[in-house]
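This report describes selected local features of one protein model. Please consult the sequence and structure shown below alongside the text.

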Amino acid sequence: MVIQTPIKVMMECTIRFRRPDPYINQSETAYGSIKRWRRARTDDADIAIFCTGTDHTHMDHPLLSWMDDWDMFLLEFLWHKGRGDYGGASVCWNCCLNVPQFWCINCFGAELYCKDCIVSSHAQNPVHHIQEWTNSCFMVVSLKDLCLCMQLGHFFTLIDTSSQLLHAAWFLATTADPCTVATFRILKQYHLLSFESKASGYKFYCSIAHLTDNTGLHPQKNHYEGFLGMVHEWHHLKMLKQAGHGHDPAGVANTQSSECAVICPACPQPLKNLPDNWKDVPNDKRWLYALFVAINANFCLKRRIMPRDGTDPGLSHGWAYFVDKTAYKVYLLDHDDMLQEKSTCASHNTVNMVDMKASHGLAATGVGTIDCARHNMKLPNGVGDVQKGKRYRNMDYLFFSTLHGCCVKTLNVPYDVACQWHKHLWECMATIPLNLHLDPLTKFIRFLQLQY
């Protein structure tokens with residue numbers, strides 16, 4: 001199909017076919033052409049649309065113009081609820097043998113097919129939705145009821161908008177005796193939708209359920225928990241794939257710390273965006289290659305204590321932005337008896353009242369982060385749970401965890417409690433695991449006190 005664009009105003013439309021088609025006239029007015037073009041059999045004819053017309057002032061108010069044609073739009077809605085141009089058809093136009101009474105919601109066009117033709121045409125599209133004409137209206141019927149068989153070796157529930165199962169682009173909820181699967185297409189759709197619209201998994205799943213049956217007369221089994229598990233695994237696999245670990249001969253288990261994180265492309269990165277002689281610049285030019293590191297926490301991201309951490313473990317072990325949970329927890333437990341020093345220069349409630357913060361029933365009262373201050377990107381291994389406000393030991397571990405491999409010599413560290421936090425920073429580093437230590441003799445660090 002070849003469509004000439006752009007089309008500003010469609011006052012008169014001519015549809016030309018490179019070879020004749022029995023379902024359509026060669027030249028019609030705009031309304032008739034649009035109707036017939038939509039119903040045209042595109043597999044039998046190559047269509048070219050050429051639209052002519054000029055701009056008119058009434059097009060500056062499209063809603064007023066549309067009101068003149070709303071009867072036509074309403075009739076078209078009703079046309080789709082019936083059999084359209086096939087109301088008087090007694091034989092299937094495809095095979096010319098049986099009565100046409102089936103159509104597909106997802107396929108392009110509104111042609112009616114007989115049972116044999118609709119099944120054969122959907123051998124490669126088993127998740128399409130089929131309706132059957134019952135002499136008064138269309139009723140939903142499944143391809144399974146029409147005897148379409150997919151030899152994949154399992155019986156399961158499929159979630160979709162429209163080994164063997166994975167080869168068919170169907171994602172398993174469980175690897176042993178799978179009863180629920182979702183198509184790759186629906187997982188990709190929710191992955192993008194969750195970023196762009198911030199839609200929750202629950203609302204998305206309910207929308208899919210209502211697409212299946214919006215009347216409530218045929219309640220569907222609840223597969224929401226299985227859907228969330230598949231989304232979790234999908235996100236994890238996409239991260240590994242995009243980080244190149246699908247080609248690692250040693251497999252996923254060979255992934256190293258922070259290898260899946262996307263680093264800030266604008267921050268100074270040696271061997272990537274810095275000149276070869278960046279280390280040799282004079283002191284008055286060091287600011288050109290300085291890294292701005294912001295420290296903050298979000299206390300709205302609370303997490304309750306879950307009794308099934310052993311059976312529902314995290315998939316990433318420090319491979320991206322969160323620190324390795326095991327080493328982080330061991331450090332916090334070993335230094336749980338450390339008292340929080342009170343602020344002597346300002347009254348910071350998050351510091352002075354840290355031991356009074358309510359945490360009953362919570363595994364985490366918030367999340368601490370180490371960010372790129374100029375470009376608002378999380379730094380690798382710079383995110384972790386906090387248990388009671390801004391405890392220094394939590395932020396110390398995150399700070400050294402994300403910067404221990406940093407080659408940049410000049411660091412600017414803005415922090416709202418920097419006046420108190422930086423006093424004993426190097427003493428606290430002695431309690432951090434040796435592989436996370438910084439060399440203070442090779443770094444020029446400037447701590448910046450934020451004022452709100």
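Asp371 is part of strand S13, which spans residues 366–372. Helices (H or I, at least four residues) and strands (E, at least two) are DSSP runs, numbered from the N terminus. The model is a predicted one, in which local features need pLDDT of at least 70 and side-chain atom pairs count only at pLDDT 80 or more, while totals for chains, interfaces and linings use all residues. Residues are numbered from 1 along each chain as its sequence is written, and side-chain values use heavy atoms, with hydrogens and water left out.

With a relative accessible area of 10%, Asp371 is buried; the classes are buried (under 20% relative accessible area), exposed (over 50%) and partly exposed (in between), for a 1.4 Å probe and protein chains only. Its side chain makes a polar contact of 3.3 Å with that of Thr369. Such a contact is a pair of N or O atoms within 3.5 Å; within protein, one must be able to donate a hydrogen and the other to accept it, and residues adjacent in sequence count only if both atoms are side-chain atoms. Asp371 also forms a salt bridge with Lys378, where the closest N and O atoms are 3.6 Å apart. Lys378 is partly exposed, at a relative accessible area of 32%.

## Salt bridges

A salt bridge is defined as a side-chain nitrogen of Lys or Arg within 4 Å of a carboxyl oxygen of Asp or Glu. By this rule there are four salt bridges. One of them joins Arg303 to Asp385, with 3.5 Å between the closest N and O atoms. This pair links distant parts of the chain, as Arg303 lies in strand S11 (residues 303–304) and Asp385 in strand S14 (residues 377–386), 82 residues apart. Arg303 is partly exposed, with a relative accessible area of 32%.

Arg393 and Asp336 form another salt bridge, their closest N and O atoms being 3.7 Å apart. Here too distant parts of the chain are linked: Arg393 belongs to helix H11 (residues 392–403), and Asp336 to the loop between helix H9 (325–334) and helix H10 (349–352), 57 residues apart. Arg393 is buried, at 5% relative accessible area, whereas Asp336 is partly exposed, at 47%. A network of salt bridges links Asp336, Arg391 and Arg393.

## The sheet S4-S5-S6

An open sheet is formed by three strands in the order S4-S5-S6, with antiparallel pairing. Strand S4 (102–104) and strand S6 (138–141) each have a single partner strand and stand at the edges, so one side of each lacks a neighbour in the sheet. On average, neighbouring strands are turned by 35° against each other, direction ignored; the axes are lines fitted to C-alpha atoms.

Two strands pair if DSSP finds at least two bridges between them. Strand S5 (residues 130–133) and S6 pair over four bridges in the antiparallel sense, and the bridge partner of Ile130 in S6 is Val141. The hairpin of S5 and S6 has four residues between the strands, and in this hairpin Asn135 takes a positive phi near 75°.

## A nonpolar surface patch

Leu64, Met67 and Trp70 make up a nonpolar patch on the surface, with about 310 Å² of accessible area together. Patches consist of residues with over 30% relative accessible area and no salt bridge, with like charges joined within 9 Å and nonpolar side chains (Val, Leu, Ile, Met, Phe, Trp, Tyr) within 5 Å. Met67 is located in helix H2 (residues 62–67) and counts as partly exposed, at 36% relative accessibility.

Methods. Axes fitted to C-alpha atoms, helices over the stretch in contact; angles between N-to-C directions. Areas by Shrake-Rupley, 256 points an atom, 1.4 Å probe, with all protein chains shown as cover.
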